[in-house]
Amino acid sequence: MAKITFIAPVETIKGKLQNRDKTIFRRKRVFDANGHVIGQLAQEAYVVKNPRDWKKNPPKGAEKQRIDNWANACKQVQKIKKDPELLAQWKQRFEAQLTHGEADAPIDPRTHNPKIYFRLDCFIRAAIFRALATKKDI
């Protein structure tokens, strides 16, 4: 993959250069708990080889259930952020998993141990999503 060094007039490129291009550019940003940007990852470019036509081929069955579970998990995270008592419980659980990953967390291929999450919102969302997928209590 080529590396690009950006200069003052163009620091990042986001999206396509032309409407018919297949190459998409992006630069991911990392936010703190207050929504402020605390870091940026490297500029990326990728090609969409087989774009999906969602109108002709909508999600069905297990795929639809997975999408619905993810949307539900995202909504629940927003509710938890607004409730100080629930948020405190989740923070305690989050801090515990920083030293020992949760037993039902996915296995990290680099360490071969349960995945450890470094952002509270990502941890809550993943835990709720796993609970919804296995149909167990959170």
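A: Start with a cut-off. A residue counts as buried when its relative accessible area is under 20%, as exposed when that area is over 50%, and as partly exposed in between. Keep in mind that this is a predicted model.

Now use the cut-off on a charged pair. D121 and R119 form a salt bridge, and their closest N and O atoms are 2.7 Å apart. D121 has a relative accessible area of 16%, so D121 is buried. R119 has a relative accessibility of 34%, so R119 counts as partly exposed. Further salt bridges share partners, and they join R93, E102, D104 and R130 into one network.

The side chains of D104 and R130 meet in a salt bridge, at 3.4 Å from N to O. This pair links distant parts of the chain, 26 residues apart. D104 sits in the loop between α2 (84–99) and α3 (120–134), while R130 belongs to helix α3 itself. D104 is at 33% relative accessibility and therefore counts as partly exposed. R130 is at 13%, so R130 counts as buried.

Why can such side chains pair at all? Opposite charges can do so when the charged atoms come close. A search of the whole structure finds 9 salt bridges. Another of them joins R52 to E63, with the closest N and O atoms 2.6 Å apart. R52 lies in the loop between β2 (37–47) and α1 (61–82), E63 lies in helix α1, and the two are 11 residues apart, so this pair too links distant parts of the chain. R52, at 30% relative accessibility, counts as partly exposed. E63, at 34%, counts as partly exposed as well.

Next, see how the helices meet. The axes of α2 and α3 are 10 Å apart, and the two helices pack at an angle of about 95 degrees. That angle makes α2 roughly perpendicular to α3. On the α2 side, the contact is made by L87, W90, K91, R93, F94 and Q97. On the α3 side, L120, F123, I124, A127 and I128 take part. By class, this contact has 8 nonpolar, 1 polar and 2 charged residues.

Now turn to the nonpolar side chains. In soluble globular proteins, nonpolar side chains tend to be buried together. Here the largest nonpolar core has 13 residues. Among its members, I80, W90, F123, I124 and I128 touch the most others. The elements that give two or more residues to this core are α1, α2 and α3. Helix α3 gives the most, with 6 residues.

Follow I80 for a moment. Leave aside its neighbours within four places in sequence, and I80 is in contact with L86, L87, W90, I124 and I128. Of these, L87, W90, I124 and I128 also take part in the contact between α2 and α3.

Finish with a residue of helix α1, N69. Its relative accessibility is 11%, so N69 counts as buried. Beyond its neighbours within four places in sequence, N69 is in contact with F129, L132 and A133.

Note on methods:
Residues are numbered from 1 along each chain as its sequence is written. This is a predicted model: local features need pLDDT of at least 70, side-chain atom pairs count only at pLDDT 80 or more; totals for chains, interfaces and linings use all residues. Side-chain values use heavy atoms; hydrogens and water are left out. A salt bridge is a side-chain nitrogen of Lys or Arg within 4 Å of a carboxyl oxygen of Asp or Glu. Helices (H or I, at least four residues) and strands (E, at least two) are DSSP runs, numbered from the N terminus. Buried means under 20% relative accessible area, exposed over 50%, partly exposed in between (1.4 Å probe, protein chains only). A nonpolar core is a set of buried Ala, Val, Leu, Ile, Met, Phe, Trp, Tyr and Cys residues joined through side-chain atoms within 4.5 Å. Contact means heavy atoms within 4.5 Å. Axes are lines fitted to C-alpha atoms, for helices over the stretch in contact, and angles run from 0 to 180 degrees between N-to-C directions. Angles under 35 degrees count as roughly parallel, over 145 as roughly antiparallel, 65 to 115 as roughly perpendicular and the rest as oblique. Ala, Val, Leu, Ile, Met, Phe, Trp, Tyr, Cys and Pro count as nonpolar, Asp, Glu, Lys and Arg as charged, and the others, Gly among them, as polar.
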